Amino acid sequence: MKLFGSSGIRGITNKEVTVDLALKVGLALGSSKESAVIGRDPRIAGEMIEHALISGMVSAGCDVVRVGLVTTPTLAHAARNYDCGVMVTASHNTSEYVGIKLWNPDGMAFDSAQQEDIEEAVAVAAADLTHVEWNRIGNVTTDSNAVREHSEMILSNVKQIKPASLRVVLDCGCGAGGTITPYLLREMGCDVITLNAQLDGYFPARNPEPNDANLGLLKKAVVQFDADLGIAQDGDADRMMAVDENGVFVTGDEMLAIFAGYECKAGGMLVVPVDTSMIVDDAMPESSVVRTRVGDVYVAEEIKRTKADFGGEPSGSWIFPRVSYCPDGIYAAARLIEIVRDTGLADLRQRLPQYPTKRGTVICDNDKKESVMNMVGSEMGALGKVTDIDGVRVEMDDGWLLVRPSGTEPKIRITAEARTGVDELYEIGENIVKEGLA
Ligand code: MG
């Protein structure tokens, strides 16, 4: 049974992700771990799923410590003191979704082998997993220090800026970032204006995904308040995106190139997924750029394996191995502010090369994805040099085209980037997918 996608277990509340499933996952996890720390983002179903997980874990004899409503990077940081961490979150998905993401003590999400162990155990959970004797069930306790400890770790890794010398508009999107980010940036010395820092699992203010289309209010507010930059986070604040002082959204590829410029040593290594722009390669001629499957866990695994300096995903996940293998949208915000204190964000953007990119999706049922992708693979082989590490990526002299099935939604994603003629290139990809669907 396949439970885990590219970002853990995720699905519609009470349809795909149920109390029954969470209980079995808890039982499976509790059978192999002695201690766990658990937290949740503000989703409506968060507490329901958390209780089921806890019941499963303690009935298998695992001690559970609750840290309550926190961000994913806060939970991943707390996991260092336990055998594992459990986060109830659906990240940037809309409010009807809920999910479960599992963490190792070093801040690395469970890898494929660990996920398969849980899947196998869940398949037999009802019948065969051990429920321990009544006097061996795990303890449930509460720890209220997780946010403070995560904040202290971040503050010890960034410089204080002169009080109120830098104005930031921060849009937490009603997500878990509201529990930590405004306070931390103020402690750093910023003048912070918050938008949507009230926690609300209906995400009434905006879609939790921090992309250009969803950040209209932030872009306006940065200009109106004459701020130095705007910061936006997703529902569980592992992702972070930014707006420059002119109210212009900084794209994920630009953010990746900016961070990499400060994090990668000369001759160092940068890890990015296959859908990353060639501006990153062009901006980092001194570094080697390694490409992985899409999904922050694959980027994190490759960073750990290769001891790379930095890595990330254009979707807004930035991984600084110095502090954690978990993408941390709070540390990333603090680090960006540290950078912007010396050089304005618009200036940093304008130093980068610009190539037009086009991204889009075609709706495709999950059970049709494989046959469509087989067809795409044979058609795209004729266009140029193909890599099939994740979907099909074809590289040509003037650009590249990537067609890959979404890991979490019934969609096929198309990305095209070209020095000239990006629309035509995108259309070639779109037509190939549509032919495959016909
Ligand atoms: Mg997230």
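A: Buried means under 20% relative accessible area, exposed over 50%, and partly exposed in between (1.4 Å probe, protein chains only). This is a predicted model: local features need pLDDT of at least 70, side-chain atom pairs count only at pLDDT 80 or more, and totals for chains, interfaces and linings use all residues. Residues are numbered from 1 along each chain as its sequence is written, and side-chain values use heavy atoms, with hydrogens and water left out.

Q: OK. Is arginine 206 buried or exposed?
A: Arginine 206 counts as buried, at 8% relative accessibility.

Q: Which residue does aspartate 171 form a salt bridge with?
A: Its partner is arginine 206, and the closest N and O atoms are 2.9 Å apart. A salt bridge here is a side-chain nitrogen of Lys or Arg within 4 Å of a carboxyl oxygen of Asp or Glu. Aspartate 171 is buried too, with a relative accessible area of 2%.

Q: How many salt bridges does the structure hold?
A: The structure holds 31.

Q: New topic. What are the protein donors of the magnesium ion?
A: Ser91 (OG), Asp234 (OD), Asp236 (OD) and Asp238 (OD), at 1.9 to 2.1 Å from the ion. Donors are N, O and S atoms within 2.8 Å of the metal (3.2 Å for Na, K and Ca); water is not among the atoms, so sites may look incomplete.

Q: And are serine 91 and aspartate 234 buried or exposed?
A: Both are buried.

Q: What about glutamate 302 and arginine 305?
A: They form a salt bridge, with the closest N and O atoms 2.9 Å apart. Glutamate 302 is buried at 16% relative accessible area, while arginine 305 is exposed at 60%.
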